[in-house]
Amino acid sequence: MTAPENGDEAKPMRKIRSFVLRAGRMTEGQQRAMDDAWPKYGLNLCDGRIDPAEVFGREAPLVLEIGFGMGDSMIEMAKDQPEKNYIGIEVHTPGVGRLLNNATELGLENIRVYREDAIEVLADCIPDGSLDTLQLFFPDPWHKKRHHKRRIVQPAFAQSIRKKLKVGGVFHMATDWENYAEHMMEVMNAAEGYQNVAGDSQYSPQPEWRPVTKFQKRGERLGHGVWDLMFERIS
Ligand SMILES: C[S@@+](CC[C@H](N)C(=O)[O-])C[C@H]1O[C@@H](n2cnc3c(N)ncnc32)[C@H](O)[C@@H]1O
């Protein structure tokens, strides 16, 4: 997404991103995993459109997770559901290192990762109609009103996700921030081509196969609630 700065049309357009790159040191293990395991698990934006069957060496239901953080919950899902293929996208390098480390230790074959902005990966790398599930768990809430434009769930994002989902595929969101849950519901209710799996304007119960994530635990410690939203692509 782009916007003119200070209303000056002559200036170059600046991208509004859904993240700020956090400083964070890699542990030795994470760095080693980045060096050793990237050739096996890493996917690169510059390689362009992928063929998932070729990437994984098999046809299987495909799950894409945006912003997996430190990746422990995604690892758990990939381990518990070996019949599915998982692609994760995260910009936070220590999280990518940790995920690679854990995937290597467990010998997982059904997981791959991009260390890139998900908006670019969606546009350049993921084939249309290829996803069975798109997961977006506890995205940065950008709670100040003037930052709401940075929230990743926006009408244009809902449509770019829809294009990537199979018909019948599900966009699954979760948040611990009530105002963001309401924003997600409003955007998705208005989005063409989707149906709320739980019924009109209803939140979904947390499915037993979705592990509690690191940010969910943090939210619960702070006394926040949890809202899951699941929308199926119907056209
Ligand atoms: C609040 S954290 C939640 C992490 C994890 N899902 C959890 O629940 O513990 C949000 C994560 O999304 C990542 N993120 C935000 N926008 C992104 C984008 N456009 N592409 C890739 N990762 C993004 C951030 O780096 C951050 O790690």
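This is a predicted model: local features need pLDDT of at least 70, side-chain atom pairs count only at pLDDT 80 or more; totals for chains, interfaces and linings use all residues.
**Notebook: ligand shell and open sheet**

I sorted the shell around the ligand by class and got eight nonpolar, four polar and six charged residues (Ala, Val, Leu, Ile, Met, Phe, Trp, Tyr, Cys and Pro count as nonpolar, Asp, Glu, Lys and Arg as charged, the others, Gly among them, as polar). Residues are numbered from 1 along each chain as its sequence is written, and side-chain values use heavy atoms, with hydrogens and water left out.

Next I looked up who surrounds the ligand: 18 residues do, and S18, R22, E90, F137 and T213 are the closest (near is a heavy atom within 4 Å).

Then I checked polar contacts (N or O pairs within 3.5 Å). The side chain of S18 puts an N or O atom 2.8 Å from a ligand nitrogen. For R22, a side-chain N or O atom is 2.7 Å from a ligand oxygen. At G67 a polar backbone atom is 2.8 Å from a nitrogen of the ligand. Of the 590 Å² of accessible area the ligand has on its own, the protein covers 95% (Shrake-Rupley, 1.4 Å probe).

Last, I traced the sheet. I found an open one of eight strands with mixed pairing, ordered β3-β6-β5-β4-β7-β8-β10-β9 (strands are DSSP E runs of at least two residues; a pair needs at least two bridges). β3 (42–43) and β9 (194–196) are the edges, each pairing on one side only. β9 runs antiparallel to β10 (residues 227–233) over three bridges, and I see Q195 opposite E232 in β10.

Terms used. A polar contact is a pair of N or O atoms within 3.5 Å; within protein, one must be able to donate a hydrogen and the other to accept it, and residues adjacent in sequence count only if both atoms are side-chain atoms. Helices (H or I, at least four residues) and strands (E, at least two) are DSSP runs, numbered from the N terminus.
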